[in-house]
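Q: I'm new to this one and would like to learn how to read it. Could you walk me through it?

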Protein chains: 2
Amino acid sequence: MADPEGTDTDVDTDAGAASAPPVAPDDPDLRLADLEDRWRRAVADLDNLRKRAAREIEFVRDSERAQAASVFLPVVDGLEDAVTYARGQSAGLAEGMQAIREQAVAALERLGYPRIDGVGVPFDPRIHEVVSVVGRGDRPPRTVVDVARLGFGTPDRLLRAAEVVVTSAEE
Amino acid sequence: MADPEGTDTDVDTDAGAASAPPVAPDDPDLRLADLEDRWRRAVADLDNLRKRAAREIEFVRDSERAQAASVFLPVVDGLEDAVTYARGQSAGLAEGMQAIREQAVAALERLGYPRIDGVGVPFDPRIHEVVSVVGRGDRPPRTVVDVARLGFGTPDRLLRAAEVVVTSAEE
C-alpha cells in the first residue's frame, strides 16, 4: 500500500529542505497543487477503505457462519442415522433422538440455513443433487420423490445441497 | 470520527473569502497551511480507519463464531442426556450416541472452544461455576471433584463455564 506520509529518506539532504514536505518544490503554486493532489487522494483512499471494510466485514460474517455450520453437519448426519437405528431398538429412545436431531436442524436454521427436504417439488439444480433417477409413473417429470440426505440453505446461500431421488425427464 | 474536510468556522472572516474554496484564503501561505492540515488529518483518519476496520473484523469473526457455537450447545447437552439414557437401554446404541456426542464436542473444539471437563484441578472462577460444595476429605481445598455440566472455551475466550462440584475452602 502507498505510504501517504512519504518516506524519510529525502529528509536529510540539506538543512533548508529538511523541514519541507517530501515532494514539495519551492514554487508555492506547485506545492499547493501537490498538496491538493495528496489531500484528494487521501480522501479518496479513505472512502475506498470505508467501502472495502464494510464489504469485508459482511464477507467475514458470512464465511464464519458457514464454516461454523458446516462443522456441525456430520453431527446432524450422525443423528439422522441414530434415529433410524434407534427405531428398531427402543421407541422411547428413538423419540428422544428425534428431538435432538430436530434441535440440531433448528440450530442450522437459526444460523440462516433452512432445511431442504421438500418432496413433490420440482428438481432445482441450485439446491438439489441427484443421487438416483426413477421412472415417472403418474408423476410429473423431474420431480423430487425422495430426499436421501438433508440439504441446508437457500439457492443464494447454500450450505449443502440435498441429495435427492427424482423422476426422469422423459417417459 | 474527525472530519477530513475540516470545519467551516475559520472561513467567514471577510467578503473576499466567500467565493474561494471554504478554507482557502487568498494568501498562498495560509492556503498551503490549510491544505497541509487537511491532508494530515485525512492521512490520520485513514490510519485510524484501517486499525478500526481490522479490530472490527476480528470482533465480527469472534462473535459470529461464538453465536454459532452457542446455538449448538443445547444439542451437545441433549446428546449428553441421551448417552446416559441409552446406557440403560442398549449398549450398541449408547456407544453410537457417545460417538455422535464426541463429534459434537469436537466440533465446538474446532471452533476454538475446547471442552472444560478436568477433575482434580484447582477451582478457577474464570472457567468454573460452582453448583455444589462438598467436604474436603483427604483432597486439597477448592478442588474440582466432579463436572455436572461440560463447559467450553478458555479463560480468555469462554463459551460456557463448566458447572462443577468443588471441595470446601476450609476444613
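**Reading the contact between two chains**

A: Let's start with a single residue. Leaving out residues up to four places away in sequence, B:A82 touches A:M97, A:I100 and B:M97. Keep in mind that this is a predicted model.

Q: Where does B:A82 sit, and is B:A82 buried or exposed?

A: Look for helix α2 of chain B, which holds B:A82. To call a residue buried, check whether its relative accessible area is under 20%. B:A82 has a value of 8%, so B:A82 is buried.

Q: How far is B:A82 from B:L93?

A: Their C-alpha atoms are separated by 9.7 Å, and the two residues are eleven places apart along the chain.

Q: How many residues take part in the contact, and how much area is buried?

A: Chain B brings 44 residues and chain A brings 44 residues. Between them the chains bury about 4500 Å², with 78% of that on carbon and sulfur atoms.

Q: How many salt bridges and polar contacts are there between chain B and chain A?

A: There are four salt bridges between the chains. The count of residue pairs in polar contact, both at pLDDT 80 or more, is three.

Q: Which elements of chain B give two or more residues to the side that touches chain A?

A: Those are α1 (28-71), α2 (73-87) and α3 (91-110) of chain B. Of these, α1(B) gives the most, with 22 residues. Sorted by class, that side of chain B has 28 nonpolar, four polar and twelve charged residues.

Q: Which residue forms a salt bridge with A:E64?

A: That's B:R65, and the closest N and O atoms of the pair are 2.8 Å apart. You'll find B:R65 in helix α1 of chain B. With a relative accessible area of 18%, B:R65 counts as buried. Setting aside neighbours within four places in sequence, B:R65 is in contact with A:E64, B:L111, B:Y113 and B:R157.

Notes: Residues are numbered from 1 along each chain as its sequence is written. Chains are lettered from A and ligands numbered from 1 in the order in which they are written. This is a predicted model: local features need pLDDT of at least 70, side-chain atom pairs count only at pLDDT 80 or more; totals for chains, interfaces and linings use all residues. Side-chain values use heavy atoms; hydrogens and water are left out. Contact means heavy atoms within 4.5 Å. Buried area is the accessible area (1.4 Å probe) that two parts lose on being put together, summed over both. A salt bridge is a side-chain nitrogen of Lys or Arg within 4 Å of a carboxyl oxygen of Asp or Glu. A polar contact is a pair of N or O atoms within 3.5 Å; within protein, one must be able to donate a hydrogen and the other to accept it, and residues adjacent in sequence count only if both atoms are side-chain atoms. Helices (H or I, at least four residues) and strands (E, at least two) are DSSP runs, numbered from the N terminus. Ala, Val, Leu, Ile, Met, Phe, Trp, Tyr, Cys and Pro count as nonpolar, Asp, Glu, Lys and Arg as charged, and the others, Gly among them, as polar. Buried means under 20% relative accessible area, exposed over 50%, partly exposed in between (1.4 Å probe, protein chains only).
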